[in-house]
Amino acid sequence: MLRFFSEKTVQGVENSGQFARFFAQSLTASARSCLQVKSYSLVWAQMNVIGVHSVPVIMITGAFVGMTLAIQAYDQLAGMGLEEHLGVLINISVVKELGPVLAAVMLAGRVGGALTAELGTMNVTEQIDAVRSMGTDPMRYLVAPRFLACVLLTPFLIIYADLLGILGGFFVSVVQLGINSRAYWQFSAAGVDLWDLSIGVVKGFFFGGAIAAVSCYKGFTCKEGAQGVGQACTEAFVGSFIMILALDFALAVIFKAVYSTIWPTRILLL
Amino acid sequence: MTEQNEQTNNVMLRLDGLTKKFGNKIVLEGISLAIEKGKTTVVIGPSGCGKTVLIKHLIVLLRPTDGSVFLKNKRIDQLPERELDKIRTHYGFLFQGGALFDSLTVFDNIIFPIQQHGRDIGWKELEELVKTKLALVGMDGFQSYYPANLSGGQKKRVALARAIALNPEVILYDEPTTGLDPIRSDIINELILKLQKELGVTTVVVTHDMTSAYKISDRIIMLHNGRIIADGDADHIRNHPNSVVQQFINGQLSENDLAALRLGGTKFQTQFLPRDFE
């Protein structure tokens, strides 16, 4: 029993070290790719696959989040006669928390799974070794474009999720539940700050980086066979999901500290 | 002294006391080997004996646990990956399954190494180059095909065309005839001979196909349990006194194993099982 736990601990530390090294290499390769014009076409192609093709599912996710929030919160607020404040509740939840997190989770499933399966298959069929054997760094050719595409486009996808979340919430609140449209938007505008919107979008850079790093790492370290690829995809999704939640918590703490320190002084800065 | 210098200059690749472990498992143990320029060296041995691990060390796709790897008398196993990327342009590597990029056409697969190394070639010249390389392996006209639309033998031939795209000095073949019928195997053998003759490249082939080994080799090395147990030309190997070598080249189990098999036993005495199986 003790041996089992000690072996698992050693394995866990080894894996963490390997992942940290892989992440550092991804960052270096991505920084180099930014400086090499010939890498742009690779990043562009990945942006199309990762970003453009994800827009519909991200919009659907956002819309349902907004609509569900409206249905759930209406009764409580209406009981207190505060139903016109529904917009604040929906919009602040969507832009600050649910939009970014659920959009990232959706991306972890759609994009993360595909990245791990693609790179995992390339790994077991020796295509990654083939890239290296031809004198090309697989981190630069395979990982950097995917990493950059995820980091750069996740914030934009979050904006889409936020937009549809807001519209979905508005549709249910105003059209279905009959809340006054003017009051709905006025309370929303008063309650949702530029800061709230910004932190939701900024989270996207971190979530995108986590999804790409975990998924590419799992693809590169995938075991042989169909079972190996399947297991790597599952581990990539679970790993990305946990990373998203952990990052969300850490960023909430950091942004709260930053907000209480810097935000009140913004009037002096502007 | 001059003779010794000449011998050293004639060596393209050298392994010095190469040992490779994966965890506690020793795959290669103290391998020392010098591969001559312009010759075809074939490495034979049973499955799981470390042939592929050996060939991957020659191009430093794997790094040794102990020992060193030299290319033209320059130690390469300790170089950082960025420097190795340049060194690897001297090599062509044919992988067991071809390892063609599924998402690229045959044309794009072949221009991949050329584009990656920024060789300044116009599109027309590039098309001509691809045509020449594919013609060398008898695959001209397949430029627009995707790997999924090619047979096993065709994939290997295209992979071979890609391996020679940068005009390498060394070509490494990992089980080039595995999974092919005898006729297609012979096509690959003829191509290996043709490329060695026409391009004057140093060739290292890993295989357990003895027909192929006899046909293409200048020298045969047999690996067994991570060590070299036989080294010489085809005739030397054919007449080797070691029973393990004879069993392997003739593809025969020992009398004891045959008896155990016929009696339904499971405990074979065969020396061809990998060490961790014992």
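Tutor: Burial goes by relative accessible area: buried means under 20%, exposed over 50%, and partly exposed in between (1.4 Å probe, protein chains only). At 1% relative accessibility, Thr136(A) counts as buried.

Student: What kind of model is this, and how are things numbered?
Tutor: This is a predicted model, where local features need pLDDT of at least 70, side-chain atom pairs count only at pLDDT 80 or more, and totals for chains, interfaces and linings use all residues. Residues are numbered from 1 along each chain as its sequence is written, chains are lettered from A and ligands numbered from 1 in the order in which they are written, and side-chain values use heavy atoms, with hydrogens and water left out.

Student: Back to Thr136(A). Where is it, and what does it touch?
Tutor: Thr136(A) sits in the loop between α5 and α6 of chain A. Helices (H or I, at least four residues) and strands (E, at least two) are DSSP runs, numbered from the N terminus. Contact means heavy atoms within 4.5 Å. Not counting residues up to four places away in sequence, Thr136(A) touches Val131(A) and Tyr141(A) in chain A, plus Asp85(B), Phe112(B), Gln116(B) and His117(B) in chain B.

Student: How many residues does each chain give to the contact?
Tutor: Chain A gives 17 residues and chain B gives 24 residues. The two chains bury about 1700 Å² between them, 49% of it on carbon and sulfur atoms. Buried area here is the accessible area (1.4 Å probe) that two parts lose on being put together, summed over both.

Student: How many salt bridges cross the interface of chain A and chain B?
Tutor: The rule finds three across it. A salt bridge is a side-chain nitrogen of Lys or Arg within 4 Å of a carboxyl oxygen of Asp or Glu. Arg132(A) and Glu81(B) meet in a salt bridge at 3.3 Å, N to O.

Student: Which elements of chain A give two or more residues to the side that touches chain B?
Tutor: They are α5 (127-133) and α6 (138-176) of chain A. The largest share, six residues, comes from α5(A). That side of chain A divides into five nonpolar, five polar and seven charged residues. Ala, Val, Leu, Ile, Met, Phe, Trp, Tyr, Cys and Pro count as nonpolar, Asp, Glu, Lys and Arg as charged, and the others, Gly among them, as polar.

Student: Which residues are linked in a network of salt bridges?
Tutor: From chain A, Glu126(A), Asp129(A) and Arg132(A); from chain B, Lys56(B), Arg63(B), Glu81(B), Asp85(B) and Arg88(B).

Student: Where is Glu126(A), and is it buried or exposed?
Tutor: Glu126(A) is in the loop between α4 and α5 of chain A. It is buried, with a relative accessible area of 15%. Phi of Glu126(A) is near 65°, a positive value in a residue other than glycine. Most residues other than glycine have a negative phi.

Student: New topic. What is chain A built from?
Tutor: Ten helices and zero strands. Of its 270 residues, 46% count as buried. The C-alpha trace of chain A spans about 65 × 55 × 35 Å along its principal axes.

Student: How many residues of α8(A) are buried?
Tutor: 20 of its 27 residues, so the helix is mostly covered.

Student: Where is Val42(B), and is it buried or exposed?
Tutor: Val42(B) is in strand β3 (residues 40-44) of chain B. At 0% relative accessibility, Val42(B) counts as buried. Its contacts, not counting residues up to four places away in sequence, include Val205(B), Ala213(B) and Ile220(B).
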